[in-house]
Structure formats: structure tokens, C-alpha cells
Amino acid sequence: MLEIRWHGRGGQGAVTSVELLALSAIEEGKYAQGFPSFGPERRGAPVTAFNRVDDKQIKIRSGIYHPDLVVVLDESLVGLVDVAEGLKPTGILLVNTTKSLAELKKNIRFEGKIATCDATGIAWKELGVPITNTTMLGALVKLTGAVKIESLDGPIKERFGRIAPKNQAAAKRAFAEVKIIN
Amino acid sequence: MGKRVGMEVAIASAEAAALCKFDVAAVYPITPQSHVAEHLSDIVNDGRVDASFITVESEHSALSAAIGAAGTGARVVTATSSQGLIYMSEVLPIASAMRLPIVMLIANRAISGPINIWNDHSDIMPMRDTGWISFFAENGQEVVDMTIQAFKVGEDRRVMLPVNMNMDGFQLTHMVEPIIMPDQEEVDRFLPPYVPYAALHPDNIVSMGTLGLPEIYAEAQKSKDVALVNSIKVVKEVWKEWEKQFGRKYETIQSYRTEDADVALVTMGSMGETAEIAVDELRKQGVKAGLLKIKLWRPFPFDDLKKAVQGIRVLAVTDRAISFGGPGGPVCSEIRSALYDEPKRPEIVNFIIGLGGRDVQVENFMDIVRRAAKGKLSEPYEIYGVRG
């Protein structure tokens, strides 16, 4: 079972992302959960959201404490919250940033794999706004194989309608550009 | 046979009500039920169901409006949570006394204070004795299925009682997960149109909710009790019919690996499947663990419980609420009473878990079983993992 934790700020679409990933996996016939951190959330404040994806029925309903992947939508959260907390040593930390490994390491206590993607840059170009949640979904899919990249298309179309093609393009571009940097 | 979809469970519960073609929804929003209220409103606004959505200024009014609407013979849905349910408390027993088969979707949440929006069962437990049928769902699929079943059970001429469908707030309501959503045609086949026993109409005057003098009050209460007790037959009948049509089995108490179990957990609500994982893990370690999951809380399935506990040495009953100054958790209290007269009964220990959203993990259930195996606790009940 793949367990994922998303870090973002209220309004950046972390909750939308977990929903889109869960829907994509379920449409593939897999089992998935997508859920927010339970409780009040405020625009701009640090938030988390979670996914589980598996080929078998998912029974567990407790929290996720040791994710396989952590996605950070907003690089300003690195150092502000412990984004690598509980991340499995074999897991991957995926950050939306253009910073170098050395720069990131100043604020991250994690010895495992770190991947970066300039999702903000991609989002500006593809969407014209710095909303990076659908972009980072593409990067996540590349790193985990949680779903096929095409499987994001349906749920993104359903959710975004007219502006879906832009979001789909952003996800695909991140899929191509994300890199593990260590 | 239905369509497998990914959907947030709160939204799915509203969709299930829509499949039942409700006539009236009277709802006041409250976390974590809000998505139910919003989605019911969307469904009516979009014209997907030929229904009225009554906007009200409080939960007290929501249920009062629901009662008025149901009195005219409408199929009515409402929904609430926590303080909202408590605010309805004055009206709850009136709905059951008037024998109005309203369906209420409850997103279970702790009650204040301190203010807490997270999940436990302390909202429904004080409302236990108001004469409603109570279902407890374990996952999104059960939420959808039980919502549809609730209308059929409540509206059965042998029952004519309101039904609440309990789904754990957040753990269920805010979860996107796979659900098989039945087709409209399937639901139409399962659920006939509602034919009220009596309805308020200007051309056909009836009185409802009248004064009950001492000469009749006790009889009225007895009739409500008899109706509720007897409704278990209809619940089981409806569940059999559901199984036949939809292939998903429902039982008042669902047993998991109890055949040769030495210690069995008891859960109600969304923690059941997490507890199953604990049972599987313990079995791998050679511990003969099992699990009983209560799906029908009112009327309480006394006979089924007696059968389900046969051969079990210790029952570790988990509760998600406290009866303050009382015997422990309400579920355990019921189980102790149910088994008191049995010539042979298991030892019963009570753990109160998951209060106000406190996370309960597989390891916690494993720990509870291991401790229960040793028998009696030093106290009549234990609030698990509590500090101080």
C-alpha cells in the first residue's frame, strides 16, 4: 500500500489533489482513500492532506504516520514545518522548488531520496497562475506509479471543465521534468 | 448492477437519499455534516429530485420542519451532527411518537465542551432513548446502502418509525473512497413509493401529536416501545432483501474470525475494519482474537448478541462515549445487561477509545486484546490512553 502526505497552505489545493489522485486510482479499478487533515483549515495556514492507494481493499482508517511519499506544494513550508516527519527512510520527499540539494538540506532532516520539480514555474507557464496542485500530481505519478499519467485526465476534466486541458498539460510537463536530485 | 465510483462519503450519503427520491429535505449545516447539507441543497436546486429544500435557522427548526413535512405524507430527509443533534433533542421523541418515518443522516461528532468538532459517539448516545431506529455504518458503501435501507425500514407499515443512519464524522464523511452506487432503476425496484398511514390534508382532517392524558400516556409509550422492539424483524427482512438484490450482506452483529476466538473485540462504526487488521495481526502471532461489529444499535439485537458471543472467553468492548457517573460506555452497559441472565457468559471489559477524534490505531486494538486476555481491569472501565 502506498501512503502519501501532502503539505500545502490553505487555498493551494492540497485537498483537491488528494481527491483527484484517489478518483484516478479508483477509476483504474484500484482502491484508494483521499482525506484532509481533519479539522478547521484557514487560507494561507499550513495544511496537510493524505492518500492511500492499493490494489486490495483498504481497511485502515487511522491516520498516516509513516508515508512513502511526502509532497510539498509550497517551498516556504520547508523549515517551517518538519515536512520529512515520519517519512520512511526508503521513501521520497518531493518539493516544489528550484533550490539545490545543498540549499534544501539546510532545512530538511531526511537522508532518503529527495525529488524536486519547478511546479510554480510550470504552473505560471501552463496555467498563468501559481497554483501547483495539479502540476505536482504529475510529478507524484512519475515518482510512484500510483496511477497511469493518463488516468489523471478524467478526474481533472470533471473537476476543472474548461480549464482542464491546461491543468492536464501542467501535470504532464511535471511528469516529464521531475527529478530525484540525490 | 450499480457503478463503482470514487466519491466523498458525505456526498455519497446525499446521493443515496436522492436515489430514494425524497420529497423534502430540511437541514441546517454543521461540521462535519455540512457537505451533506450542501449537496442535498444542490440536488434539489439542480432539479435532480422533485423536492423542496427547506432552509431553516436551526436544527430544532430543521427537525420540526421535517416532522411537519412528514405529517403531510412526504418522504423526508434531514441531517445533523453533535450540538445540532442535541439541539434537536426536544423534537426527536415527537417524531417517533408521531410514527413519522423521517431519515436522518448523522455525521457523528463529539459534543462540547471543550468545543470539539472531531468524531466520537457522544452525540447520538444521549439521544439513544428517543425511539428512533439507529444504524451504524462502517464504511462508505454501508453509508449508501443503509441510507436507502433506512427509508424502506422506517416506512414499512409494521414499523412507521424514524431512522438515523450514523456515519463517523471526518473518518467517514470526509473520505473519498470507492463506492458502488446503485442505479436508479435498482433503487426503484427495492424501495416502493411511500404510502403514509395518515396524512395532514385540508380535505381529510386528522389530528397528530395530540395531548396524552395520564389515562393514555403509558399506552402511547408502550405502543412506541413495541413498535421499536418489533422493528428488528423488518430490519432483518429488509437486509435479506437487500442482500438478494444487491449481493451485500448486512447483519445486526457481524462476526469476524470468532469461530474459535478466545478474546473478541466489539466495535461500532468506522473502526471496525481497522480492528479487523488488528485481529489478523494477532492471529498471525497465535492469539485467538475475533471481532464483533454492531450495525444495529436500536433496537438492540439482544438475541443475536447472545448467539454471537458463544464460546468467547473475554469480550473487549470498545465505546466512543462515556456515561458520566455511570457504568462506563453505553455499548458495554448494554452488552452487560444483555448477557447478565445467561448461564454462561464471557468476561466483559470496557475500553473507551477515540474520544473527540483521538486516533485509534491497529496497535491500540492489539494492545486492548492482549490486556483483555488477562481478564478484569482494575477499574470498571478504562478511558484508553488517557493522561492524568
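Colleague: What share of the 388 residues in chain B is buried?
Modeller: Buried residues make up 53% of chain B. Keep in mind that this is a predicted model.

Colleague: What makes Ser82(B) count as buried?
Modeller: Count its neighbours. A residue is buried if 20 or more other C-beta atoms lie within 10 Å of its own. Ser82(B) has 29 C-beta neighbours inside 10 Å, so Ser82(B) counts as buried. Ser82(B) lies in helix H4, residues 82–87. Its phi is positive, about 45 degrees, although Ser82(B) is not a glycine.

Colleague: Why is Arg99(B) called buried?
Modeller: The cut-off is 20 or more. Arg99(B) has 20 other C-beta atoms within 10 Å, so Arg99(B) is buried. Arg99(B) sits in the loop between helix H5 (92–97) and S5. Its phi is positive too, near 55 degrees, and Arg99(B) is a residue other than glycine.

Colleague: Why is chain B called as compact as a globular protein of that length?
Modeller: Set the value against the rule. The radius of gyration of chain B is 21 Å, and the globule rule gives 21 Å for 388 residues.

Colleague: Which residues does a cis peptide bond join, with omega about -5 degrees?
Modeller: Ser112(B) and Gly113(B). Another cis peptide bond joins Gly113(B) and Pro114(B), with omega about 0 degrees. Gly113(B) is in the loop between strand S5 (103–108) and strand S6 (133–136). Pro114(B) is found in the loop between S5 and S6.

How values were computed:
Residues are numbered from 1 along each chain as its sequence is written. Chains are lettered from A and ligands numbered from 1 in the order in which they are written. This is a predicted model: local features need pLDDT of at least 70, side-chain atom pairs count only at pLDDT 80 or more; totals for chains, interfaces and linings use all residues. The radius of gyration is taken over C-alpha atoms; the globule rule is 2.2 Å times the number of residues to the power 0.38. A residue is buried if 20 or more other C-beta atoms lie within 10 Å of its own, exposed if 12 or fewer, and partly exposed in between; C-beta atoms are placed from the backbone. Helices (H or I, at least four residues) and strands (E, at least two) are DSSP runs, numbered from the N terminus.
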